[in-house]
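These are my notebook entries on one model. I set down each item as I looked it up.

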Amino acid sequence: MPSYKKLLVAGIATVAIIFPLFPVSFMTADQTRTLGLVLVTLSLWATGVVPPYLASLLFFVIALVLKLAPPEVVFSGFHSAAMWLIFSGLLIAAAITSSGLSQKIGAALLGRFSRSYTFLISGIFAISIVLSFVMPSSLGRFFLLWPIAAALADSLGFEKGTTGRAAIAIAATFACHIPGFALLPSNVPNLVLAGAAQTIYGIDLTYAYYMALHFPILGLLKSIIMVALIVRIFPDTPRPKSGGVAEAASRPLGWRQWYVVAILATTLAFWMTDTLHGINPAWVGIIASIALLWPGVGPVGPAEFDKHVNFSVLLFMAGFLALGAVVNVTGLGVVIAHGMEHILPLEPGRDFLNFMSLSVIAFVVGVISILPGVPAVLTPMAGELADLTGFSVMAVLMTQVIGFSTILFPYQSAPLMVGMQVTEQPVAKLMKILAPLTVITALVLLPLDFLWWKLLGVI
């Protein structure tokens, strides 16, 4: 572990301890303590000085001892739908792997994706983007795609520890999550924004309007940039294995593989139609998990269950969700947003500066309160921000998407952190893509987005 990371965490921890001793007028004592705890927890997640699950445990106990929030809020992550979606996703991934279906699909894709390294990474993004149109959960997309991508990596000679395997892992993790911000039902923050906009302002976000506004720049162009960064930063050359791959491709599906296919097809059908039947995707996932675990027919036995269901991932996720909940219940996110509102140059008639400033506010709130917290904090302020900028409420709401789709640190996003742990990639490798992507977004994509919005007449 590099010493500078330990020094960084120690410095943040020192500030977090001293800061509450000198209270500021615009924060309550609990908000000050919460800010300190959040900064320490985020630094632990970002640097990896301790395992993520240990950082979550520290967050739980400190929040409880300091009485920053009631126990039901601190432990809210354990009974959230997102937690159970991860659980079912781990089992679905285990079923695809243990049944041999991942090897079968990987062998079928080998001939199409082994033409070039760039085509391979682009193909992973293309499949993920197509899935984003039909699957409402980035975690669901990841757990469906990763076993297949891992089998494909094995077939191409990318063993664990190779640069090519890291590239495939990062591509699958990013592709299943980041482009989905540009499609309304595909990520959690999008749905939180849509629900809050309807509840508070009576504004109904439509699929077509949302996609037309965000997908060309934040979805398609950003995906192309991510492909270019991954190929550039993690270069490698495919070395396809011939014998076993051809045999796997020609072998017919066994009954157990057909069983998994049937369960997956049914699960996908329910996920795609959740707006019709109203069943939460997580509960659909639990039903699928039971079918995959059922003795005698399910491919996931006790040994596979113990191997693939990683409790450390679930424990981290519970802490991740709890942090956002504690920030919201203490009102810390609102305080930070209001503080930035007074600092940034918001004034009617200065459209570009207003556009950039609103995007920065959403980005900073996402760093502190985790991505789903952005619409929860900023949507109630949209009317006030509209008055300050001269923008419509709809335009102000839509700038949130730019903010929460710009991810600087993996800890901001549960799907990225889960993907990082499942694919066994360190924080440093994800940061090699996230850091330059954030800079490119700020310098290139935001100005392009501004021009696109102007062309559409949104601002």
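Which residues does His214 touch, not counting residues up to four places away in sequence? I find Ala182, Gly219, Met398, Val401 and Trp453, where contact means heavy atoms within 4.5 Å.

**Basis.** I note that this is a predicted model, in which local features need pLDDT of at least 70 and side-chain atom pairs count only at pLDDT 80 or more, while totals for chains, interfaces and linings use all residues. Residues are numbered from 1 along each chain as its sequence is written, and side-chain values use heavy atoms, with hydrogens and water left out.

**His214 and its helix.** I located His214 in helix H11, residues 207-233. Helices (H or I, at least four residues) are DSSP runs numbered from the N terminus. His214 has a relative accessible area of 0% and is therefore buried; buried means under 20% relative accessible area, exposed over 50%, and partly exposed in between, with a 1.4 Å probe and protein chains only.

**Packing of H7 on H11.** I next looked up helix H7 (residues 117-134), which packs with H11 at an angle of about 160 degrees, the axes being 10 Å apart. That angle makes H7 roughly antiparallel to H11, a term for angles over 145 degrees. The axes are lines fitted to C-alpha atoms over the stretch in contact, and angles run from 0 to 180 degrees between N-to-C directions. From H7, the contact uses Tyr117, Thr118, Ile121, Ser122, Phe125, Ile129 and Phe133. From H11, I list Tyr207, Met211, Phe215, Ser223, Met226, Val227, Ile230 and Val231. I sorted the contact residues of H7 with H11 into 12 nonpolar, 3 polar and no charged. Here Ala, Val, Leu, Ile, Met, Phe, Trp, Tyr, Cys and Pro count as nonpolar, Asp, Glu, Lys and Arg as charged, and the others, Gly among them, as polar.

**Aromatic rings.** How many aromatic pairs does the count come to? I record 17, taking rings of Phe, Tyr and Trp (its six-membered ring) as paired if their centres lie within 6.5 Å, with planes under 30 degrees apart stacked, over 60 edge-to-face and the rest tilted. The Phe142 and Phe143 rings have centres 5.4 Å apart and planes at 65 degrees, so I class the pair as edge-to-face. Phe142 is buried at a relative accessible area of 3%, and Phe143 is buried at 2%. For Phe316 and Phe320, the ring centres are 6.0 Å apart and the planes stand at 50 degrees, so this pair is tilted. Both residues lie in helix H17 (residues 311-330), 4 residues apart, about one turn of the helix. Phe316 and Phe320 are both buried. I also noted one aromatic cluster, formed by Phe352, Phe355, Phe450 and Trp453.

Of the 9 residues of helix H23 (residues 414-422), 8 are buried, so H23 is largely enclosed by the rest of the structure. The buried residues include Leu416, Met417 and Val418. Glu424 lies in the loop between H23 and helix H24 (427-456) and is exposed, with a relative accessible area of 55%.

Most residues other than glycine have a negative phi. Lys67 sits in the loop between helix H3 (52-65) and helix H4 (71-74), and its 67% relative accessibility counts as exposed.

Conventions. Helices (H or I, at least four residues) and strands (E, at least two) are DSSP runs, numbered from the N terminus. Angles under 35 degrees count as roughly parallel, over 145 as roughly antiparallel, 65 to 115 as roughly perpendicular and the rest as oblique.
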